[in-house]
Structures are given as structure tokens and as C-alpha cells.
Amino acid sequence: MEFSSSRVKLKTGDRPQLYPHSLQFYLEPPTENISLVEFESLAIDRLKLLKAVENLGVSYARSTETYKTKLEAELRKLKFPYRALAEGDYEARRKDHISHFILRLAYCQSEDLRRWFLQQEMDLLRYRFNQLTPSLMQKFLEYVNLSFEAVSEDLKNELAEELCASTPGFSMIKVKEQTFYKVGLADAVDLFRARRVFIKEGFAYVPLKDIDAIVLNSYRAKLSKALAVTARSLPAIQSDERLQPLLKHLSHAYVGPDYSVQKSTGKISLEDIDALSVRSFPLCMRQLHRALRDSHHLRHGGRMQYGLFLKGIGLTLEQALDFWKREFIRGKVDADKFDKGYAYSIRHSYGREGRRTDYTPYSCMKIIMSNPPSQGDYHGCPFRHCDSELLRQKLQAYKVPPAGITQILELVKGMHYQLACQKYFELTHEVDDVGFSLNHPNQYFTESQRLLSGAREGKKEPSNLGSSQQKSVSQESKNVSSAPTPSSTAAAAELEGLEAYFTED
Ligand code: SF4
């Protein structure tokens, strides 16, 4: 793939040969020139698609109609191929091809990224392969050199009883209807291990409906190898100063609104923060807030992550200076030292010092993927960076019900950190469906506020968790002296609505 400011157009007649199938194993990298603008936009669309694949895969069984309908809607919306070999979908196929290779470059950079990318790409291929008609499946298998010998009708009739007994969910009628293929054992290892297939003389007799397991095996092997090869060529790619920031951005990409532009600037009172931290902060920020209140200090990584989040929820520069100073001088930092040292970096993060960059609050991907916390740090994403026992204890302390903790830990085990966070949102806000795809701590906050203020429907009937959370508010807030001020009185009135939400009938 080459990158330039102009794009070479293919002759219209060449197009069908380039993508004879809507589905592919992405074996050949694209060779046309594309602009950097298109490079980024294709990559972001695929990232949106893979995020949707991840979300849907955790929310619904992959075989359900809801999963299929929702995934097709995403493919349509983002203009990726969504129906097998539809005529005239050259642009969609091209987008599919090029965007896969761009994200491959961005997501080969670490083990975590590779694993996530591989998983989502596999789920996407599984869905798309299963949408093919039997004859298109056959064509695709030939296209990717996985053409297996179809079992003749005579042989199938002869083996009908064995096929029926060895293939779960198959009746004699279904055996008669379905085409079976003779597949070498090496290709059918997963089916063989799961005892889901009839074996005879070194061959597995695989029904068409189970061929997807074989296709996915083959795809996984090819893509894993390709990611490892791409990772080895990274130093050369990273020396390209146009690509390096783009790829880095993509692997930490956040594809939602820009939270550096705050609509709510100045609407938050400092006295509200303790209560808000319990009700509306995601776990990462709740943890930072608690650590700050307890030790009256945060190290650089924590100050950046938390400070920018607070800026994103609407703290003005003056409020931020006041907030951090009040807390730090309760610890080992005196007012003079604060003004000379820490105040500068706060003004800097608001774009008032140095290069005057108005820094953006960190997205989940950035927090999850970069700068892992070490001993004494409180930044990072607890779902990614805490060990599971510590995470369990934190969740217990925040009164998350045991069944919910188990669900969250399962998601964490599968490396679905943002989905674990969404589950935490559902449990602490008592909603059945989070109703959004979480990408950003400030998005978590905004959605929480929307829900708690009644601007969003979907809250369940109050239960014990509600009162537990309420107790946690007073627990976590008890060390903070906050004599009522005019603004805090107004804020208290505003918060009354929230209090009512957590109060048991
Ligand atoms: S998933 Fe995002 S919002 Fe949630 S705890 Fe992790 S970094 Fe924070």
C-alpha cells in the first residue's frame, strides 16, 4: 500500500477481477495509492465495525436473529459488504479490503491488540460466511483453496445412520438434505475434539453447516501468522513520520464525540464531586478520586488522567486550581510549592501555558492501552490493570451484587474491558441495557447524568443496590468538610433528585 495526496483510479473494467467475492481471507495487501485522509476514514469505519462486533458478541448469542439483524444494520450503515456477492458493491469490497490492512498495521503492535483484532475479525468472518447461500459458500471455499470433496449420495445413504448418530442435532431427514464433505483430520481438529463429527479412514465427514469451523480455523492460522509478520516490519513503517502518529492514534482510537469541548463548563460545583464520584464516575475515575481524597496526592499519570476527566465534565481552570490545591495542601505539599510546581501543569493542561495545547480527556482505549500503572499509581483502567481478586474486592466494596461481579470478571477474563465497565454501569444504575457503546470515561459520566436526571428512560425499579450506593455516597464523602455555600446549596437542591433515586420507598 502506498500513501500519497492523490489516488490512482482503477479502470472500471479491472474492478470485478480485483474482488470476485464479497468475502476474503485478506491474503494480498492493497496496491493502489490512497490519500492519508481516506486512510484514516477507512480505518475509523472499520474500527467502529469491530467495536460493534465486540459489543454484539457479548450482548447476544451469535446464532440469534437479533445478533444477525443488528450486525447487518451496522454493516449497512458503515457501507461494508453485507450481503453475499451483491452486484456492484465494488466500493464496499474495496473498503473492506483496505480497511482490514490498515487496522492490521495498527493492531499488530502488541499481544493485547493482536488478540483483540483477531477475535473481532474472526467473529465478523463467521457471521459473513454463514450469511452466504450454499452455492456461494462452495464458491468461496474454492476461492480460498479449501475445496473439499463432497460425499456422493450413494455413500451418504450408506453411512446415514453413523452420520446421524455422530452429528449433533441431525435427524435422518436432515442428513439426507444436507451436503457432507470429506475433510482431512488436520482441518477438522476442533470438530473432532468436540466429538461433533463422524470419522472414517482418516477423514471427517463434515456437514455444510459445520464447515464454518474449518474456515475459521484456517483464517485464524493465516491471520495470526500475518499479524506476526506485520509486527516484524513495524520498525520500517514506524519510521514513516506521516504514518506513525496515525497508527498510534488508531490503536488508541476513540470513535465518539470530542470531550475536549465541554458544554457543561462551570456547571459543576466542587462540592458536588464526592457525590458525583459515587454516582456517575466510571470505576477508573472513582478510584482516582478516592485515592486523592485519602492520600491528598496523585502521581503524574493519575493527575493527567483525572485532571483531564474533570476538565471534560466541566471544571473551569479556576475550579481545577482550587480543587487540586485544597487537596494537596492537606497532604505534604505547601501552598507555595503547589503554586510554583503543580499549578503550572494544570494551566498547561487547559492550554494556558507552553504550546497552548488544549488537552483532550483520555479515551478508554488510551487508558487501557498506554502507560500501565506501577506500584503507588492509581491511574489506568481497573478492569484492565487490577488483578482479578483486587477487582472483586473493589466491586464488593462498591456493593455490586455477587452475580454481577461474576459477570464482570467473566468479561474481564475475555479481555472485554469496556464491556465489563458497561456491565458495571448497568448494575450501579440498575438498568437492563446500558443503551450505548462505551468508549470514553466522560461518555460514561454524561450517560449516567442523563439517566439519573430522568432525561433517559430505562431505569429499573429501585432495589437494595440503590440504597447501598446511597450508603456508599455518605461513606465516601464523610471525610470531606463542605460547609454549605450558595453554590453548594443550589447544587444540593439539584442533587436532591438524585438522592430520591437512591432512596428506598
Ligand atoms: S473502561 Fe473506560 S471508563 Fe471504564 S474504567 Fe476502564 S477506562 Fe474507565
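A polar contact here is a pair of N or O atoms within 3.5 Å; within protein, one of the two must be able to donate a hydrogen and the other to accept it, and residues adjacent in sequence count only if both atoms are side-chain atoms. The views below come from a predicted model, in which local features need pLDDT of at least 70, side-chain atom pairs count only at pLDDT 80 or more, and totals for chains, interfaces and linings use all residues. Residues are numbered from 1 along each chain as its sequence is written, and side-chain values use heavy atoms, with hydrogens and water left out.

**View 1. T428 and its contact with Y424.** T428 sits in helix α22, residues 417-429 (helices are DSSP runs of H or I with at least four residues, strands are runs of E with at least two, and both are numbered from the N terminus). From there, the T428 side chain reaches the backbone oxygen of Y424 at 2.7 Å. With a relative accessible area of 7%, T428 is buried (buried means under 20% relative accessible area, exposed over 50%, and partly exposed in between, using a 1.4 Å probe and protein chains only).

View 2. Just after α20 comes K399, with a positive phi of about 65°. K399 belongs to the loop between α20 and α21 (402-413), and at 41% relative accessibility it is partly exposed.

**View 3. K79, a lysine with positive phi.** K79 is not a glycine, yet its phi is positive, at about 65°. Its setting is the loop between α3 (65-78) and α4 (90-106). K79 is exposed, with a relative accessible area of 60%.

**View 4. A salt bridge between D45 and K95.** The closest N and O atoms of D45 and K95 are 2.7 Å apart in this salt bridge (the term stands for a side-chain nitrogen of Lys or Arg within 4 Å of a carboxyl oxygen of Asp or Glu). D45 lies in helix α2 (residues 36-59) and K95 in helix α4, so the pair ties together parts that are 50 residues apart in sequence. For context, a search of the whole structure finds 31 salt bridges.

**View 5. D274 and R293, a buried pair.** The salt bridge between D274 and R293 has its closest N and O atoms 2.9 Å apart. This pair links distant parts of the chain, with D274 in helix α13 (residues 273-279) and R293 in helix α14 (residues 283-295), 19 residues apart. Both D274 and R293 are buried.

**View 6. D377 and R299, a salt bridge between loops.** Here the side chains of D377 and R299 meet at 3.5 Å, N to O. The two residues are 78 residues apart and link distant parts of the chain: D377 is in the loop between α18 (364-369) and α19 (382-385), and R299 is in the loop between α14 and α15 (300-313). D377 counts as buried at 19% relative accessibility, whereas R299 counts as partly exposed at 40%.

**View 7. V431 and L451.** V431 is found in the loop between α22 and α23 (441-452). Its relative accessible area is 3%, and V431 is buried. Along the chain V431 and L451 are 20 residues apart, and their C-alpha atoms are separated by 9.4 Å.

**View 8. M137 and S147.** Helix α6, residues 134-143, holds M137. M137 is buried, with a relative accessible area of 9%. Between M137 and S147 there are 10.0 Å in space, C-alpha to C-alpha, and the two are 10 residues apart in sequence.
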